[in-house]
Every structure is written in structure tokens, then in C-alpha cells.
Amino acid sequence: MQHQTLYYGDCLDWMQEWEAECVDLIYLDPPFNSNTSYNILFDTSNGTPAQVRAFEDTWKWDEAAVERTQDILNAIANPTHRVVKGLYDILGPSGMMAYLTYMAERLVEIRRLLKPTGSIYLHCDPTASHYLKIVMDAIFGKRNFRNEIVWRIGWISGFKSQKRGWIRNHDTILYYLRSEGAAQRFNKEFIPYVEGYVRRDGKKPNGKGIPIEDTWNCSSGDVLDSIMIKSFSKEKLGYPTQKPVALLERIVKASSNEGDFVLDPFCGCGTSIVAAQNLGRRWAGIDISSFAVDLIQERRLVPIGITAHTEGIPKDLAGARRLARDNPFDFESWAVYLVPGLAPNDRQTADAGIDGRGKMAVKPKDAASQLVLAQVKGGARFQLSHLRDFIHVLDREGAAMGVFITLQRIESSIARAEARAAGSVRIGAEIFHRVKLWSIQEYFEVGESTKMPTMLDPFTGKEIAIRQGLNM
């Protein structure tokens, strides 16, 4: 495992490749089994919010869940064997069971990676925290459980206040050590005394402050609100489950020292990565979404002068071909993100011929809108009918421009002629073909994306710098 590296793919696959006892601290904020598809909002050409899928937090009892559960039940030596058997007796074949076996597989590998002095913080919510604690007791040992931290999310919004019954307003963070008896890394933290604070005897205190308890953001001195309830938070990236940097810095400070190695196997938009970097720790992050890897690189690290090494993102045409074959939906998302200003469509099926969309910064002359659409084809052979269908989609949606992305360069002169016949758009002094043909093969040969007009960032709405490329 390399430090300052972002890994794209399933964390289980990556963790199984790495040597044991190499990590000092692991924080994970995995899907919660909340039966929700989390999307990120961005603006379309008409000002109506559209969405790009960040991840799905929906679990089903499918073939993969059956196989995973059976593997654990058949492996008597597996530390989760007995607890999975007991949970299956209670829950039966269900989405929750699918989720818990998914987590059990990964938590076993996480324990293997932790140094004897290491710690793990598992961020979850009441949907599954009680089940996950039992699974972690089985893997880490109940004696290595240290705290169930309650993180109060913050003030209650008007919408939440309408709920009939008690209003949920917290997440749970389960804190375990890797090994009993090992020298524990723990740096006690304090909340500074407020001005004028005195002890019960009326004297001023001499200590560092008030020790932080296992209930966070529950007093006026301990302000640690979720950024998701702050409409004007400068931290917001649009990622639906984004946590505040201060929350992660508290964890990293407490359970690691400068130079220690921090791993986040579900790194999402990279808050843990930023916290580790800010505090002088080495780090690595894994996420199953290419969107997340790009988001961390472009929005988190580049602005502070850091370019992370990446693994799993295709680095040549052969790698792109493998991704298209093994995970076509991830290939589509990755290909769309290569075009500046575009973001993937939120649907993976029944997408009406649209795999990505974006918005020009300036409305072209004689165009109905600023909308730019994309379609991705990862097959080895180009089909002219696909291009014709895409041109029809552009007309149907009133799009100003479309990018038709293929795995390999389109050599067909008929296809290029039909793309040119679809017309052009003028942006200032520049003219662009309305239908741009571009391939991943050209991306690797040239090393840059296709040339686009000035586009708006699909998440912030601000103009983005244009990467130079081919005006095909």
C-alpha cells in the first residue's frame, strides 16, 4: 500500500492484496443500509436540479449475498461464523443480512491490516449500529471495544420537527482497538475553558480544558455540527453524506501521531484524507466510485497543491477495455468525467440515451439552450445506428451540443459525415461541431480530453478552466 494514494475499486479486493499490520488508524463511513440512493444535485440548462448518483445505499438479498453468506457459514474458522449464523437465524434472507455479511467480509480484512497498536472507528447510524457492534465484537473481541461515540448532528430543521415521535438526530461511531494489551495510541483531547469559567469552588481552573466525552456536539463549548445542515458551509462539495473536517480531525488527532498511516476504505469525498493531510499523517483512501476519486483529487487535493497517486483508474487503452468489460456502468461514469464540465447521469438503466450532461457557460448563437449531453459506448465495434439514435436524443432534448464517446476511434467516414451534418454551434469566435465524436483511444494517444467550449462546473455552477484537446 502506498501513501498519498487513492484506490478505485472494491476495498475488499485492494485490502486483500496488502501486507498485514501496516496501518495505524482506520476510519470508515460505509453505506448505512438506509435504503436510499444518494445523489448529488447540479443545475441543468433550464435551472431545474438534476442529479448524479454518488452511491446506492440499498441492499438486496441477491445471488452475491447468498454466496457471501454461505461462504461465511461454511468457514468455521472465520471469526464471524457464529455471529453470522445467529444473525441469519434472526434476520433470515433479507437486505440487512446482505449488508451485514458485506461488512463482515471487509471488517475481517481491516483487522488484518491494523497494527497491534492500531485503532478503528466505524461510523454508522441506528439502522444497523446494533448489529455491526455484534459483528465487530466477534472480529476484534469484545474486550477491545472502547466507546460508542454519539455524534449529535446539530440543530433540528423544520422538516425534521414535523416527525411524529422521537426525532433522530445523531450518528454512532464505534471505537475499537486492534489488540488487547497493546500500547494504545490515544492523545486525550480537551474543550478549552470559556472565558470566565470557574470551578465549583469558585476558583479558576489550571488544566487544559474540559475532557471530551463520548457524546460529541452536545454542549455549547463543543460545536461540531454537520455541514449538511449549514446552508452556507464553505466545506460543502454537494456530496450527500459529507462529514465536517473537524469531526475527522478529532479522530485522527486522538488515535494517531504525526507520520502514522491512516486508511479510509470508503473514502467518499475524502474528508478523512483532508484531515490526515492537515495533521501530518500518511494516508490512503479507497472508493468504489470513480466519481469519488476524481472529486477528492480535483476538489480536495489539487487546491492545496497535492496530486495523489491513483490506482485502479485506467491508465491505458487496455485498462479501459477491461473496465468496460468488467463494469460497464463504472466505465460510462469514468468516460463522462474525462470531458470537462460533464457529470454522469443518475440512472444506470433506462437512461433515455443520456449518460452524462453539462451546461455551457455561454448560450451559443442560434441555439435553444446551453445543454450538453453525452453518450458512452464501451463495445469493441461501433454501430452507426447508435450515433443516429444519439443525434435524435439531442434534438428531442433541445441540446446545444453532444459528445458521443466510444472506446476506440471511429474510423467510419459515413459516421463523421453524419456528425458534421448535424450542424455546428458558435461560441464567440469559435465554432464547434454540434456532435463531437471522441474516443478513449484518442484520450490515451493525446493525453488530453476533447476540446470543449467554456463549461460550467456541474456542482458549483462556476466557470471551469478548459483543458486543451482536439476539436473533433
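Exposed means over 50% relative accessible area, buried means under 20%, and partly exposed lies in between (1.4 Å probe, protein chains only). You're looking at a predicted model, where local features need pLDDT of at least 70, side-chain atom pairs count only at pLDDT 80 or more, and totals for chains, interfaces and linings use all residues. Residues are numbered from 1 along each chain as its sequence is written, and side-chain values use heavy atoms, with hydrogens and water left out.

**Stop one: neighbours in sequence**

Select Arg 325 and Asp 326. Both are exposed, and they form a salt bridge (a side-chain nitrogen of Lys or Arg within 4 Å of a carboxyl oxygen of Asp or Glu), with the closest N and O atoms 2.9 Å apart. Now jump to Arg 396 and Glu 397, another salt bridge with its closest N and O atoms 2.9 Å apart. Glu 397 counts as partly exposed because its relative accessibility is 34%, and Arg 396, at 42%, is partly exposed too.

Next, pick Asp 24 and Arg 185, a salt bridge whose closest N and O atoms are 3.6 Å apart. Asp 24 sits in strand 2 (residues 23-28) and Arg 185 in the loop between strand 7 (170-177) and strand 8 (190-191), 161 residues apart. Strands (E, at least two residues) and helices (H or I, at least four) are DSSP runs, numbered from the N terminus. Asp 24 has 1% relative accessibility, so it counts as buried; Arg 185, at 22%, counts as partly exposed.

**Stop three: the cores**

Show Tyr 121, Phe 331, Trp 334 and Ile 440. They have the most contacts inside the largest nonpolar core, which has 59 residues. Such a core is a set of buried Ala, Val, Leu, Ile, Met, Phe, Trp, Tyr and Cys residues joined through side-chain atoms within 4.5 Å. Helix 6 (residues 245-255) gives the most to this core, with five residues.

**Last stop: two helices**

Finish with helix 3 (residues 81-91) and helix 5 (residues 129-140), whose axes come within 10 Å and cross at roughly 155 degrees. Display Val 83, Leu 87 and Leu 91 in helix 3, which meet Tyr 131, Ile 134, Val 135 and Ala 138 in helix 5.

Technical notes: Axes fitted to C-alpha atoms, helices over the stretch in contact; angles between N-to-C directions. Contact = heavy atoms within 4.5 Å.
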